[in-house]
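Here are my notes on the model, in numbered points. Please read them with the structure open.

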Amino acid sequence: MKKTLTMLLCALLIALTATACAELPRYLDLKVGEDYTDIKADLMILNHRTDLADTKYPEYIAAFTAMYPNVTIKFDTITTYADDALTRLTGGNWGDIMMIPALDKDELPTYFIPFGTKEEMMEVYNFADQWVWDDLTYGVPSTGNAQGIVYNKKVFEQAGITELPKTPEAFIAALQAIKDKTDAIPLYTNYAAGWTMGAWDAYIGASCNGTGDFRTAS
């Protein structure tokens with residue numbers, strides 16, 4: 001069973017036991033398919049993965065309900081997640097599990113149950129240090145992405161740019177040089193898609209200064 005599916009199933013168990021037990025079990029101690037098989041519940045998962053709604057999600061549901069037949073799962077997949085998820089979270093209209101929206105990390109304990117310590121989770125999952133507060137991990141990734149800028153070395157040479165820009169001013173100057181001295185398009189983005197503007201803000205810590213704590217450290 002893939003880690004992504006295992007993560008999802010264990011997350012569902014955590015949500016189930018939140019109301020079924022006075023004391024929550026440790027996430028890493030749960031045995032999927034063995035623990036709490038008699039639990040009955042209806043669960044809703046708020047998410048933005050429209051690409052998985054009719055493909056992988058039905059497979060996840062089938063695999064989970066084969067082990068927990070008394071649990072009904074519904075995925076609420078919305079296309080306007082970046083705009084609506086935080087509003088639904090703060091308003092309480094988000095179901096039982098969700099993809100964490102862009103909120104301040106000190107608010108994580110207000111809305112979510114931790115999986116375990118950062119150290120424990122990093123031994124099992126990549127990037128489990130992204131949604132951490134007070135050394136506790138509140139979210140684990142469903143996918144992993146690499147952010148960055150791809151540049152054309154040949155175009156830079158034609159424009160006379162001898163080193164990579166390290167400041168906003170140098171970046172703008174380099175783009176102007178490319179425009180003036182080459183036939184290349186100086187900068188291409190997919191900001192027309194809309195959601196990428198929100199992503200720029202979300203990734204600013206790691207992309208600009210190499211630390212994921214940028215937004216909470218200032």
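1. Two terms come first. Two strands pair if DSSP finds at least two bridges between them. Helices (H or I, at least four residues) and strands (E, at least two) are DSSP runs, numbered from the N terminus. In E2, Val71 is the bridge partner of Ala41. Further along E2, Phe75 is the bridge partner of Ile45.

2. On the source: this is a predicted model, in which local features need pLDDT of at least 70 and side-chain atom pairs count only at pLDDT 80 or more, while totals for chains, interfaces and linings use all residues. Residues are numbered from 1 along each chain as its sequence is written, and side-chain values use heavy atoms, with hydrogens and water left out.

3. The overall counts are as follows. The chain has ten helices and six strands. Of its 218 residues, 31% are buried. Buried means under 20% relative accessible area, exposed over 50%, partly exposed in between (1.4 Å probe, protein chains only). Contact means heavy atoms within 4.5 Å. Among contacts with a separation of 6 or more, 54% are between residues 24 or more positions apart.

4. Now the sheet. Strand E1 (residues 41-47) and E2 run parallel, joined by seven bridges. The open sheet has three strands in the order E2-E1-E3, with parallel pairing. E2 and strand E3 (97-98) stand at the edges with a single partner strand each, so one side of each has no neighbour in the sheet.

5. What handedness does the β-α-β unit of E1, H2 and E2 have? The unit is right-handed. That is, with the strands pointing away from the viewer, the path from the first strand over the helix to the second runs clockwise.

6. Next, the aromatic pairs. The structure holds six. Rings of Phe, Tyr and Trp (its six-membered ring) pair if their centres lie within 6.5 Å; planes under 30 degrees apart count as stacked, over 60 as edge-to-face and the rest as tilted. Tyr57 and Phe75 are stacked, at 3.9 Å centre to centre and 5° between the planes. This pair links distant parts of the chain, with Tyr57 in helix H2 (residues 56-67) and Phe75 in strand E2 (residues 71-77), 18 residues apart. Tyr57 is buried at 5% relative accessible area. Phe75 is buried too, at 15%.

7. Tyr151 and Phe156 make a tilted pair, 4.8 Å centre to centre with 45° between the planes. Tyr151 is partly exposed, at 36% relative accessible area, whereas Phe156 is buried at 13%. Elsewhere, ring pairs link Tyr57, Tyr60 and Phe75 into a cluster.

8. Last, helix H7 (residues 168-181). Its 14 residues reach 20 Å from first C-alpha to last, close to the 20 Å expected at 1.5 Å a residue. The expected span is 1.5 Å times one less than the number of residues.

9. Which residues of H7 are buried? They are Ala174, Leu175, Ala177 and Ile178. These cover an arc of only 160° around the axis, so they lie on the same side of H7. The arc is that of the directions from the helix axis to the C-beta atoms. The buried residues of H7 pack against helix H6 (153-158). The face turned away from the buried side carries the exposed residues Pro168, Glu169, Ile172, Lys179 and Asp180.
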